[in-house]
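Please work through the following exercises with the structure beside you, trying each task before you read its solution.

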Amino acid sequence: VIEPDNSEIKESLKLLRAAKSVEMLETGLNEYNAKKYNLALKVFNEAIANDSQNGYAYYYRGMTYEALGKNLDAVNDYKKSIEKSPEIYDAYYALAVNYEVLKKYPEAKKAYQKFLELAKDKNDEYVKYAKERVKKL
């Protein structure tokens, strides 16, 4: 407020927000892993409010919605995750799984195909499963 054009202050604030985001994501993941999904959801909502461009916050919130059986909300968050951070290719896999739950098979197939295109470890169990699903869909 005092020096709105000061680039050092702007950069410091940016770094502070990033550090806070990391801390929030870790807290949210701890709650998620403890199966405290409502608490995790609250933390991920705060993380998104803190930094709406953080694709990981959307990805983890999507995981939480999925755990709560809110698959449409999960789909929306996985899509936002991909939009904000395309390098989170696991979001395509999660998106595909949720599309299948919602019986949106063409969309699921496309998401699995995109996951396979981007997957780095070509032999892990998720890749094998995605390949099977693409054949069946």
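**Exercise 1.** In this predicted model, find which residues of helix H4 are buried, and then find which helices they pack against.

*Solution.* Begin by going along H4, where the buried residues are Asn-71, Ala-74, Val-75, Asp-77, Tyr-78, Ser-81 and Ile-82. Next, recall that an α-helix has 3.6 residues a turn, so residues three or four places apart point the same way. Finally, look at what lies against these buried residues of H4, and you will find helix H3 (55-67) and helix H5 (90-101).

**Exercise 2.** Check whether the end-to-end span of H4 agrees with its number of residues.

**Exercise 3.** Determine how H5 and H6 are arranged relative to each other, and which residues meet between them.

*Solution.* First, take the axes, which come within 8 Å and cross at roughly 160°. Because angles over 145 degrees count as roughly antiparallel, H5 is roughly antiparallel to H6. The crossing of these two helices is left-handed. Then list the residues that meet: H5 contributes, among them, Tyr-93, Ala-96, Val-97 and Glu-100, while those from H6 include Tyr-112 and Phe-115.

**Exercise 4.** Identify the residues that touch the most other members of the largest nonpolar core.

*Solution.* This core has 38 residues, and those with the most such neighbours are Tyr-59, Tyr-78, Leu-95, Tyr-112 and Phe-115. Each of the helices H1 to H7 supplies at least two residues of the core.

Conventions
Residues are numbered from 1 along each chain as its sequence is written. This is a predicted model: local features need pLDDT of at least 70, side-chain atom pairs count only at pLDDT 80 or more; totals for chains, interfaces and linings use all residues. Side-chain values use heavy atoms; hydrogens and water are left out. Helices (H or I, at least four residues) and strands (E, at least two) are DSSP runs, numbered from the N terminus. The expected span of a helix is 1.5 Å times one less than its number of residues. Buried means under 20% relative accessible area, exposed over 50%, partly exposed in between (1.4 Å probe, protein chains only). Contact means heavy atoms within 4.5 Å. A nonpolar core is a set of buried Ala, Val, Leu, Ile, Met, Phe, Trp, Tyr and Cys residues joined through side-chain atoms within 4.5 Å. Axes are lines fitted to C-alpha atoms, for helices over the stretch in contact, and angles run from 0 to 180 degrees between N-to-C directions. Angles under 35 degrees count as roughly parallel, over 145 as roughly antiparallel, 65 to 115 as roughly perpendicular and the rest as oblique. A crossing is left-handed if the near helix is turned anticlockwise from the far one by less than a right angle, and right-handed if clockwise.
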